[in-house]
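Labels in a structure rest on cut-offs. Here is how to check them, one at a time.

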Amino acid sequence: MGCSASIVVNGHVISPPCGSNAPFVPIPISDSKKNIIVQTWKLVEPVKVAAGKKLFSRLFELNPSLQDTFPAFKGKELKDVLNSRSLYLHAKRVMGAVENAVSSLNDSEAFTSYLSNLGARHIPWNMQKEHFNIVGECLLWTFQDMLGTACTTEVAEAWAELYGYIVQSMLDGMKSGQKH
């Protein structure tokens, strides 16, 4: 299957190429894909914090070294991290950012500005493109796990495109923030 966090939806592997530095390419999102994102978000939104915790659980299980990039989780046992208020709050913030992305799909100027600012706020944690790629794989896995059969190939592809746009906008914000 390739990458450890690749997902298979209806027999199709949905994942960036392994080892790629730019697996999610930011592209304009079609109205039909925006609709898919909005409709599937309605299924995830009521349990968004649980989804966020599941994302981080997957992230740290597959990539234990990434846990140390989070000051609140550095040096702690995974079970303690998963039960911590810090993880709850971070999962809530991350899924809140996803929710902001969904609600801003038709306002690209505000959406891009929000993501650029979010990226600039990640500079102190030395986030790298590879980190975002791994998080994207875990996000797609989380949606597949939580949506089950509702996570079709089209759903996974729509979310991958949105995530690609999010990552590129955040990376642009990080570059702009480092220049100042």
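The questions below set values against definitions.

Q: How do you know which residue a number refers to, and what kind of model is this?
A: This is a predicted model, in which local features need pLDDT of at least 70 and side-chain atom pairs count only at pLDDT 80 or more, while totals for chains, interfaces and linings use all residues. Residues are numbered from 1 along each chain as its sequence is written, and side-chain values use heavy atoms, with hydrogens and water left out.

Q: What makes a stretch of the protein a helix or a strand?
A: Both are DSSP runs, numbered from the N terminus: a helix is H or I over at least four residues, and a strand is E over at least two. The protein has seven helices and two strands. Along the sequence, they follow the pattern β-β-α-α-α-α-α-α-α.

Q: Why is Lys48 called buried?
A: Buried means under 20% relative accessible area, exposed means over 50%, and partly exposed lies in between (1.4 Å probe, protein chains only). Lys48 has a relative accessible area of 19%, so Lys48 is buried. Lys48 sits in helix α2.

Q: Why is Asn83 called exposed?
A: The relative accessible area of Asn83 is 67%, which is over 50%, so Asn83 is exposed. Asn83 is found in the loop between α3 (78-82) and α4.

Q: What share of the protein is buried?
A: Of the 180 residues in the protein, 44% are buried.

Q: How do you know which residues Lys48 is in contact with?
A: Contact means heavy atoms within 4.5 Å. Leaving aside neighbours within four places in sequence, Lys48 meets this with Trp41, Met95 and Glu99.

Q: Which residues does Lys54 touch, not counting residues up to four places away in sequence?
A: Lys54 touches Trp141, Thr142, Asp145 and Met146. Phe143 is 89 residues from Lys54 in sequence, and their C-alpha atoms are 9.6 Å apart.

Q: What share of contacts between residues at least 6 apart in sequence join residues at least 24 apart?
A: In this protein, the share is 74%.

Q: What makes the link between Lys34 and Asn106 a polar contact?
A: A polar contact is a pair of N or O atoms within 3.5 Å; within protein, one must be able to donate a hydrogen and the other to accept it, and residues adjacent in sequence count only if both atoms are side-chain atoms. The side chains of Lys34 and Asn106 make such a contact at 3.2 Å, which is within the limit.

Q: Why is Lys34 called buried?
A: Lys34 has a relative accessible area of 18%, which is under 20%, so Lys34 is buried. Lys34 is placed in helix α1.

Q: Why is Val135 called buried?
A: At 18% relative accessibility, Val135 is under the 20% cut-off, so Val135 counts as buried. Val135 lies in helix α6. Beyond four places in sequence, Val135 is in contact with Leu55, Leu59 and Tyr163.

Q: What makes a set of residues a nonpolar core?
A: The members are buried Ala, Val, Leu, Ile, Met, Phe, Trp, Tyr and Cys residues joined through side-chain atoms within 4.5 Å. The largest nonpolar core has 45 residues, and those touching the most other members include Ile37, Trp41 and Phe56. α7 gives the most to this core, with twelve residues. In soluble globular proteins, nonpolar side chains tend to be buried together.

Q: What makes a space a pocket?
A: On a 1 Å grid over the protein atoms alone, a pocket is an open set of points where a 1.4 Å probe fits, with protein on both sides within 12 Å along at least five of seven lines; lining residues have an atom within 4 Å of a point. The largest pocket has a volume of about 730 Å³ (the space filled by probe spheres set on the points, with grid points joined across faces, edges and corners). Of the 33 residues lining the largest pocket, the closest to its centre are Phe56, His90, Val94, His122 and Met170. α4 gives the most to this lining, with nine residues.
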